[in-house]
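Please read the points alongside the coordinates.

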Amino acid sequence: MKLPEKAKNASEGAAAATPAKTTRPQKKAVQGRGDAVFAGIAKGAGIIIILLLGAVTFFLVSQSYPAFIASDETVQSEVGFTRGMSFWQFAGAALFGTVLSATIALLVATPFAIGIALFISHFAPRRFAGALGYVVDLLAAIPSVVFGLWGMNTLEPVIRPIFAWISDILTPAMEWWVGNIPGMGYMADNFDWWPLTPDLVHFVPPARNILMGGLVLAIMILPIITSLCREVFLQTPKLLEEAALGLGATRWEMIRMTVLPIGRSGIVSAAMLGLGRALGETMALLMVLSAGLQVNFSVMSPGQHSTIASQIALNWPEAQGGLERQFLIGLGLLLFILTFVVNFAARRVMARYSEFSGANA
């Protein structure tokens, strides 16, 4: 039986008006499961990092506490490489050398790194900038032992006459300073840690001193700081740069008013990352330095300073176990605490600078 034409059209319209079945709820369910899985993986990764950090801390503390509580006589009799020092005397000297070498490296490397990063990001032609940036990134991958060999065999003979020339010029000036400025002679005679003495610039060959070690460290951390600063400078909004140039600013004024203020927190972050690399460096300093355990600022004399990492690497293979290895693990705990404090301070400085840099806007 045929339906009337009007009824047929009405049924077809009703069928067309009926919404088709959609799979949207199923897609939302799949997306919800995916979000939950991703959130679980991210949370698990964070928990694993915390657990690993706690495990390292527990190992260092549990294995080194006998060295902290041992008497000075016990340490001097059972630990053969202390040279008659107590734990805290040895650790203080090694910690001083670690901080001194890293500070020298940071002071030398940071200005050069900022200059190279600015050249790559704002001055060099595009093709040359890409090639130079690639070379800088490759330098960061060179092993530290290669830097040590290069510094010992190539850089040391080159830098030796330069150190001698600096010493010949500055030593008389420092002698006049100590002899004629009130109070300087008293400080130099009574405090070994006082830096402003002729020993600060008095060079004794060979150039296997902490200043040489700091220069090698500076070359090692230079690619790290340069790469990070370059990426930070490239994030400067182009509208701000063009506005500064449009108002009549020179290229340097534009960089000083826009690029450097906006990238200030990134510069601090890059410098602190380089400092962390310098604090933990082992092989390069072990090969370059003529080790000593003095607390002074004779930065151009060999046999004066050493670092915690190089002392651990130097003495661990011959450590007989027991208190000797616990002593070295205690030094590692101090280095661990030092790097933690440096990173915490860097985070605070970065947070303070980012409030005014516009990077978090």
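Over which ring does the charged end of arginine 251 sit?

1. The charged end of arginine 251 sits over the ring of phenylalanine 123, at 5.5 Å from its centre. A charge sits over a ring if NZ of Lys or CZ of Arg is within 6 Å of the ring centre and within 35 degrees of the ring normal.

2. This is a predicted model, in which local features need pLDDT of at least 70 and side-chain atom pairs count only at pLDDT 80 or more, while totals for chains, interfaces and linings use all residues. Residues are numbered from 1 along each chain as its sequence is written, and side-chain values use heavy atoms, with hydrogens and water left out.

3. There are 11 aromatic pairs in the structure (ring centres of Phe, Tyr and Trp, the last by its six-membered ring, within 6.5 Å; planes under 30 degrees apart are stacked, over 60 edge-to-face, the rest tilted). Phenylalanine 81 and phenylalanine 90 pair edge-to-face, 5.9 Å centre to centre with 65° between the planes. One aromatic cluster is formed by Phe68, Phe81, Phe87, Trp88, Phe90 and Phe327.

4. Phenylalanine 163 and phenylalanine 203 also form an edge-to-face pair, 5.8 Å centre to centre and 70° between the planes. Phenylalanine 163 lies in helix α6 (residues 144-180) and phenylalanine 203 in the loop between α7 (184-190) and α8 (210-234), so the pair ties together parts 40 residues apart in sequence. Helices (H or I, at least four residues) and strands (E, at least two) are DSSP runs numbered from the N terminus. Phenylalanine 163 is buried, at 3% relative accessible area; phenylalanine 203 is buried at 9%.

Conventions. Buried < 20%, exposed > 50% of the residue type's maximum accessible area, 1.4 Å probe, protein only.
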